[in-house]
Amino acid sequence: MGKVTGFMEYERLAETYETPEKRKQHYREFVMHLSDEEARIQGARCMDCGIPFCNNGCPVNNIIPDFNDLVFRQDWRGAIDVLHSTNNFPEFTGRICPAPCEAACTLNINADAVGIKSIEHAIIDKAWENGWVTPQPPLRPSGKKVAVVGSGPAGLAAAQQLARAGHAVTVFEKNSRIGGLLRYGIPDFKLEKTHIDRRMEQMKSEGVVFKTGVYIGKGGLPKGVASDAKRTIDPEQIKAEFDAVVLAGGSETPRDLPAPGRELDGVYFALEFLPQQNRVVAGDKVKGQILAAGKHVVVIGGGDTGSDCVGTSNRQGAKSVTQFELLPQPPETENKTLTWPYWPLKLRTSSSHEEGCQRDWSITTKEFRGANGKVKSIVTARVEWQKDAKTGQMKMVEVPGSEKEIPADLVFLAMGFVNPVGSALDAFGVDKDPRGNAKAATDGAGCYKTNVDKVFAAGDMRRGQSLVVWAIREGRQCARAVDEFLMGSSLLPR
């Protein structure tokens with residue numbers, strides 16, 4: 001514990017941002033990490049609790065009090081070693097994680113939580129600046145070959161852990177660049193892709209082989225799923241060539257909105273829009289790019305993906321941006337006595353919202369209206385959520401007389417994702433759970449193993465749509481399960 005009275009003496013200090021008007025002019029990151037002294041003071045706020053709830057609140061179980069203390073003592077090299085012991089990619093989570101660890105912070109009961117995410121961000125940036133992030137090749141090869149299908153955070157975490165255990169790992173990605181959701185789903189202004197590129201170089205030095213533009217499966221991909229695969233490989237060939245296979249693709253089937261007029265030009269899934277801009281920022285030419293410039297944009301869905309559509313639309317020069325959410329508006333402040341240490345329901349305003357967006361809640365979309373085949377407006381209505389007298393479940397009831405038509409030249413559906421691309425799981429013969437995800441347990445004998453011999457599943461493909469930090473956790477745990485399967489035991493951490 002750095003300073004016994006630190007949590008009483010120092011206030012939480014947030015990272016600084018560029019002003020909205022400045023950052024809307026570019027697609028670079030605009031959050032500045034804490035200085036050494038600012039991070040030291042924030043580390044001093046950690047109470048070193050007898051039971052560190054932050055550790056359990058963090059999906060990868062970061063050893064948070066330890067690295068807070070090390071930062072307070074300015075032992076940055078020790079801090080990155082502690083951070084890397086549980087998290088392969090803190091440069092990702094330090095930028096885009098919603099920080100459930102902070103919700104679980106004991107100080108959060110009656111004060112502002114320790115700025116754990118900002119400290120993590122500062123640690124990993126300093127580590128890269130000082131050349132402390134180096135390859136960790138295995139001492140000896142195992143003679144085993146593992147295929148990892150999907151290069152998002154789960155696939156990358158699994159691949160790195162398995163390579164360090166001595167296995168020959170090949171990562172297959174259907175797109176032309178490695179990164180999955182990190183590369184194509186998250187805008188550059190939240191996560192610049194150089195962070196992925198330098199991790200790739202580290203992993204290559206550790207023995208990982210990356211193969212892009214390759215789709216492992218059968219049949220085509222559904223509408224709304226990004227891919228520029230140049231060739232397809234049958235899963236039977238993969239199973240024959242490798243000793244184990246990890247399915248780590250994303251939950252990529254988007255939730256649709258089958259309202260009248262859905263077929264109009266100008267109504268798109270969010271991941272038909274966002275990857276295009278990421279490709280343009282990367283230097284690609286995108287034919288017929290979806291652009292928001294000069295248009296009235298409506299985003300349907302109030303989560304992170306919807307927020308990313310807001311930020312990207314503003315940068316493209318949208319005339320107006322409106323975001324709707326079907327659920328009621330959350331309270332501005334959570335009831336801490338009711339929710340702590342769990343993730344609370346409260347109103348969250350992202351940096352993209354601050355750049356310009358009209359938001360509304362309890363809104364349902366009844367119809368898309370257009371002219372000459374193009375969307376021009378949407379018809380909405382306000383709803384109330386009432387408890388059904390018979391079932392006790394909440395049901396949606398339209399408020400009479402609340403119907404409204406608003407202009408909409410471009411509509412993005414950002415209502416989440418329902419399951420992985422079905423053709424991939426079907427091609428491998430993997431059993432699915434009731435939600436359409438790969439069926440695999442996470443405890444007991446054979447954890448993360450599917451019903452198919454030597455085929456494992458991890459990340460969103462197994463658990464459904466979730467956070468990057470959960471994907472990293474599952475990738476690490478799945479790697480240990482694969483290592484045990486191949487070698488009979490494993491020294492990899494869970």
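Let's start with a charge over a ring: the charged end of K145 sits over the ring of F242, 5.1 Å from its centre. That label applies if NZ of Lys or CZ of Arg is within 6 Å of the ring centre and within 35 degrees of the ring normal. There's another case at R463, which lies over the face of W470 at 4.0 Å from the ring centre.

Some ground rules before going on. This is a predicted model, so local features need pLDDT of at least 70 and side-chain atom pairs count only at pLDDT 80 or more, while totals for chains, interfaces and linings use all residues. Residues are numbered from 1 along each chain as its sequence is written, and side-chain values use heavy atoms, with hydrogens and water left out.

Now for rings meeting rings. A pair of aromatic rings is described by the distance of the centres and the angle of the planes. Here, rings of Phe, Tyr and Trp (its six-membered ring) pair if their centres lie within 6.5 Å; planes under 30 degrees apart are stacked, over 60 edge-to-face, and the rest tilted. By that count the structure holds 6 aromatic pairs. One of them is F53 with W340: the centres are 4.7 Å apart and the planes sit at 65°, so this pair is edge-to-face. F53 belongs to helix α4 (residues 53–57) and W340 to the loop between α16 (336–339) and α17 (351–354), so the pair ties together parts that are 287 residues apart in sequence. Helices and strands here are DSSP runs, numbered from the N terminus: H or I over at least four residues for helices, E over at least two for strands. F53 is partly exposed, with a relative accessible area of 28%. On this scale buried means under 20% relative accessible area, exposed over 50%, and partly exposed in between, using a 1.4 Å probe and protein chains only.

F273 and F412 make a stacked pair, 4.0 Å centre to centre with 20° between the planes. F273 comes from helix α14 (residues 270–281) and F412 from strand β18 (residues 410–413), so this pair links parts that are 139 residues apart in sequence. Both ends are tucked away: F273 is buried at 1% relative accessibility, and F412 is buried at 0%.

Back at W340, there's a backbone feature to look at. A cis peptide bond joins W340 and P341, with omega at about 5°. P341 is in the loop between α16 and α17. Most residues other than glycine have a negative phi, and most peptide bonds are trans.

N372 has a positive phi of about 55° although it is not a glycine, and N372 lies in the loop between β14 (363–371) and β15. Y448 also isn't a glycine, yet has a positive phi of about 70°; its place is the loop between α18 (422–428) and β20 (455–457).

Next, how do helices α10 and α20 meet? The axes of α10 (residues 153–164) and α20 (residues 468–487) come within 7 Å and cross at roughly 35°. Those axes are lines fitted to C-alpha atoms, for helices over the stretch in contact, and the angles run from 0 to 180 degrees between N-to-C directions. Among the residues making the contact are A157, A158 and Q161 of α10, and I472, G475 and R476 of α20. Contact here means heavy atoms within 4.5 Å.

Beyond its neighbours within four places in sequence, Q161 is in contact with N88, R476, A479, L492 and P493.

D125 is in helix α9 (residues 116–129) and is buried at 9% relative accessibility. Outside the four places on either side in sequence, D125 touches H33 and R95. D388 is in the loop between β15 (374–387) and β16 (394–398), and at 19% relative accessibility D388 counts as buried. Its side chain reaches the backbone nitrogen of T391 at 2.9 Å. Leaving aside neighbours within four places in sequence, D388 is in contact with Q393 and K395.

Notes. A polar contact is a pair of N or O atoms within 3.5 Å; within protein, one must be able to donate a hydrogen and the other to accept it, and residues adjacent in sequence count only if both atoms are side-chain atoms.
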